[in-house]
Amino acid sequence: MLKEPNRRALLKTGGAAIAAGMMPRLARAQSGKTIRAVMHAPLRATDPAINTAWTGRNHGLNIYDTLFAIDSDFQIRPQMVETYEVSPDELTHTFHLRSGLKFHDGASVTSGDVIPSLQRWGKRDTMGSRMMSFVAEFKAVDARTFQMVMKAPYGQVLQTLGKPSSIIPFILPARLASQPPEQPIAEFVGSGPFRFVAGEFRPGSRAVYERNADYVPRQEPPDGMAGGKVVKIDRYEWISMPDMQTAANALINREIDFLEVAPHDLLPTLAAAKGVTVADYNPQGFMSVCRMNWLTEPFNRPEIRQAVLYASSQVDWLDAQIGNPEYYQTTAAMFGAGTPLASEVGWNTKPDLARAKDHLKKGGYDGAPVVMLQGTDSPLLFGSSTVTAQKLRGLGMKVDVLTMDWGSILARRVKQDSAAQGGWSMYHYVTTTTELTNPLANTLVDTKGKSSGYPGWPEDAQIESLRDKFALESKPAGQKQIAEAIQARAYDVVTHIPGGQFRQPVSHNSALTGIVRAPAPLFWNVEKTA
Amino acid sequence: MPIIRVFANRMISVLPVLAVVALLAFLLLRLSAGDPASQLAGDNASAASIAAIRARLGLDQPLPVQFLQWCWRLLHGDLGTSIVSGQPVIELIEQRIGPTIAVSITTILLSVVVGVPIGVLAAWKRDGLIDRLATWTSVTGFAVPTFAVGYLWIYLLAMQLGLFPVQGYAPLSDGFGLFLWHLVLPTLTLSLVYIALIARVARTSMLEVLSQDFVRTARAKGLPERVVVFRHALLNAAVPIVSIVGIGIALLIGGVVVTESVFNLPGLGRLTVESVLARDYPVIQGVVIVFGSVYVAINLLVDISYSFFDPRIGYQ
């Protein structure tokens with residue numbers, strides 16, 4: 001029997017007809033091989049050597065290429081490089097570039113482009129500058145061959161050139177790479193699988209990339225950030241959407257195809273929506289961190305930092321930040337659970353309040369206030385700091401919580417003054433686990449102190465000595481042993497407190513297939529089937 | 001006094017206002033917490049990197065020097081360059097002003113078309129059903145937050161009925177139909193409060209005019225009620241309505257950030273918030289100057305329009 005059409009169905013049909021009449025261009029855009037993606041933040045600063053934010057890295061991965069790249073097993077694989085050799089004395093590294101590599105302006109990629117690119121990046125990146133301190137000279141042997149001659153054998157050459165996160169050693173044309181590293185590049189010419197459509201760039205709103213038809217991908221299948229970067233779409237639009245509820249609705253309504261970071265409480269709704277897939281493509285995920293200031297009261301005393309460590313509970317933090325245990329795991333691994341250097345030495349991630357109080361007493365806590373910088377931008381920032389403030393008050397500490405946006409925290413955390421003079425004592429934040437997997441890149445275990453370290457400014461000669469040793473060690477077993485020693489020492493002196501690891505699944509149009517599992521969102525190999 | 005001279009005099013008188021706006025915009029930003037260099041350098045930047053970026057941007061120079069440099073460029077029509085994106089501020093404003101103006105105009109048009117008749121009818125049928133309905137609608141319009149109305153429209157008209165897109169903006173160059181189609185939900189959302197405001201002002205103004213002697217005389221002359229209300233009363237009640245419409249346009253251009261966020265309109269409101277969060281000083285200063293200029297210009301136009309509605313108002 002035929003059913004009578006109900007009013008809602010009629011309205012829907014009528015609406016769709018009206019809509020179809022009014023939106024011919026939009027319909028064309030949606031039906032073509034275009035992916036419209038809402039990422040965690042909009043693109044504003046475009047020079048990935050200036051901006052260490054993930055947006056700069058993601059932009060760079062689209063339009064630039066790298067000499068090496070890391071695969072899903074954390075192995076470094078050649079990317080622009082075809083072959084490479086190391087001399088028997090381990091001092092000369094010779095690299096041969098693949099043939100057919102071209103920049104977006106049509107010029108061939110040569111050794112003359114690679115060398116200044118590495119030199120510029122080496123002045124900005126932590127791992128890069130450490131490696132450069134071992135480099136005696138670069139030699140361009142011919143257009144496709146160059147050598148890196150070291151002063152002494154260095155164990156981290158490939159790990160450094162294939163590092164997966166900020167700042168990645170992208171290869172630029174020589175004329176751009178020769179600019180000073182503090183001067184942002186204003187021309188977007190790379191040799192990567194996508195071209196940047198500069199004319200459609202709206203900083204903070206939209207960035208557009210088109211397939212680079214001249215790109216010659218490697219023959220291997222994609223594997224992590226390595227392998228063949230075969231682009232199967234015509235266009236990828238990186239859209240900004242400040243309201244996540246709107247972004248989720250837009251995905252359900254097929255107005256966008258990809259939502260990188262939906263809040264965890266929206267994921268069940270998205271997973272239940274027709275035509276939407278919720279899946280995790282970043283196996284390492286993210287890590288929550290509690291950072292204390294070694295320069296000021298009260299955390300200039302190791303016993304008081306240890307008291308905070310023993311009062312801390314990763315489960316409490318993660319419950320406040322994420323809520324759903326399906327998406328998080330507790331781990332003491334400072335270099336990330338599930339990574340080659342993962343280790344659980346140093347802390348059991350659970351609170352021991354008696355021990356915490358004992359350390360507080362040993363440290364001679366005298367009531368100095370803890371000035372906590374609490375980010376208000378996201379539950380990931382304010383959830384954990386609220387928990388910590390309560391824990392510390394429970395121990396008998398005085399806590400002044402200063403709520404502010406992340407931009408204000410970034411500005412205030414670089415101040416080395418006492419808390420009373422505008423400094424700080426503690427803050428929580430979140431980072432990608434990928435940033436932490438190597439002790440040389442992991443800024444949380446950088447213990448060079450006040451002069452050249454990172455906010456918090458821990459200073460420990462023993463850790464620095466171990467990091468130097470790690471830099472020279474080329475064997476994985478030896479590296480693992482040293483990393484474990486670094487972690488044990490870092491817990492002893494409490495450089496920081498890992499807050500546990502969590503996953504951030506991506507929500508996307510179910511018509512997208514072939515999304516690569518990698519520590520950054522990648523759009524090569526992705527197909528849009530409908 | 002000729003209208004051009006009135007215009008010129010008013011323009012001269014607003015210059016000190018704009019100068020104060022410029023000074024406040026500059027000082028408030030510099031004296032508030034935050035540092036664009038640390039934002040630009042990112043989460044993992046070292047102190048040395050941040051210091052190098054500060055030096056490149058000239059942020060390590062004394063405040064008076066920075067202010068004078070900015071003023072000098074401003075006097076030459078240069079709003080500066082974005083610290084974050086490196087693009088000229090004027091270009092960024094040009095890119096973003098379209099959606100804001102579009103949604104402001106459609107909102108004000110809808111608000112006037114709906115709000116004025118409601119207010120007039122409510123005053124004409126004072127204490128009747130229409131008046132009570134108008135009062136109830138006005139209270140609702142003021143009381144319900146804009147974002148809640150926005151989500152309600154999205155749920156009903158976009159998600160359930162599929163009539164309109166959830167979000168986004170299509171410029172006029174994409175076609176007039178598509179342009180309007182994207183503006184329907186933001187306009188419906190924003191106009192609720194402005195319909196309420198205009199209806200309230202129109203009602204009050206009409207009540208005052210309808211009680212005046214000339215209206216009684218018009219009725220005594222036997223003029224049709226339609227002519228009395230719309231030609232005689234409404235024209236005389238127009239000045240407060242025009243004032244509120246002018247203020248409404250100015251408020252809309254500077255204050256639609258929530259609606260721009262809910263409907264993902266890449267407008268000036270969002271540019272302002274993004275720039276504040278990134279401490280992109282030149283962009284914030286540029287946007288504040290633009291907002292200030294628009295506000296002053298609209299007030300000027302509203303002032304001048306008074307004499308059109310009421311010839312008794314002259315300019316000395």
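Visitor: Where is B:Asn264 found?

Guide: B:Asn264 sits in the loop between helix H12 (257-262) and H13 of chain B. This is a predicted model, where local features need pLDDT of at least 70, side-chain atom pairs count only at pLDDT 80 or more, and totals for chains, interfaces and linings use all residues. Residues are numbered from 1 along each chain as its sequence is written, with chains lettered from A and ligands numbered from 1 in the order in which they are written.

Visitor: What makes B:Asn264 buried?

Guide: A residue is buried if 20 or more other C-beta atoms (placed from the backbone) lie within 10 Å of its own, exposed if 12 or fewer, and partly exposed in between. B:Asn264 has 28 other C-beta atoms within 10 Å, so it is buried. Its phi is positive too, about 55°, although B:Asn264 is not a glycine.

Visitor: And how do you know whether A:Trp457 is buried or exposed?

Guide: A:Trp457 has 20 C-beta neighbours inside 10 Å, so it counts as buried. A:Trp457 also has a positive phi, about 45°, without being a glycine, and lies in the loop between strand S17 (426-432) and helix H15 (461-472) of chain A.

Visitor: What about B:Leu28, buried or exposed?

Guide: B:Leu28 counts as exposed because it has 12 C-beta neighbours inside 10 Å. You'll find B:Leu28 in helix H1 (residues 3-31) of chain B. Over the whole of chain B, buried residues make up 42% of the 316 residues.

Visitor: How many helices and strands does chain B have?

Guide: Chain B has 14 helices and zero strands. Both are DSSP runs, numbered from the N terminus: helices are H or I with at least four residues, strands are E with at least two.

Visitor: What puts the buried residues of H10(B) on the same side?

Guide: They are B:Val228, B:Val229, B:Ala233 and B:Leu234. They cover an arc of only 135° around the axis, which puts them on the same side of H10(B); the arc is that of the directions from the helix axis to the C-beta atoms. On the other side, B:Arg226 and B:Val227 are exposed.

Visitor: Why are H5(B) and H13(B) called oblique to each other?

Guide: Their axes come within 7 Å and cross at roughly 130°. Axes are lines fitted to C-alpha atoms, for helices over the stretch in contact, with angles from 0 to 180 degrees between N-to-C directions. Under 35 degrees is roughly parallel, over 145 roughly antiparallel, 65 to 115 roughly perpendicular, and the rest oblique. H5(B) and H13(B) are therefore oblique.

Visitor: Which residues of H5(B) and H13(B) meet?

Guide: B:Leu92, B:Ile93, B:Arg96, B:Ile97 and B:Thr100 in H5(B) meet B:Leu268, B:Gly269 and B:Leu271 in H13(B). Two residues are in contact if their C-beta atoms lie within 7 Å. By class, there are five nonpolar, two polar and one charged. Ala, Val, Leu, Ile, Met, Phe, Trp, Tyr, Cys and Pro count as nonpolar, Asp, Glu, Lys and Arg as charged, and the others, Gly among them, as polar.
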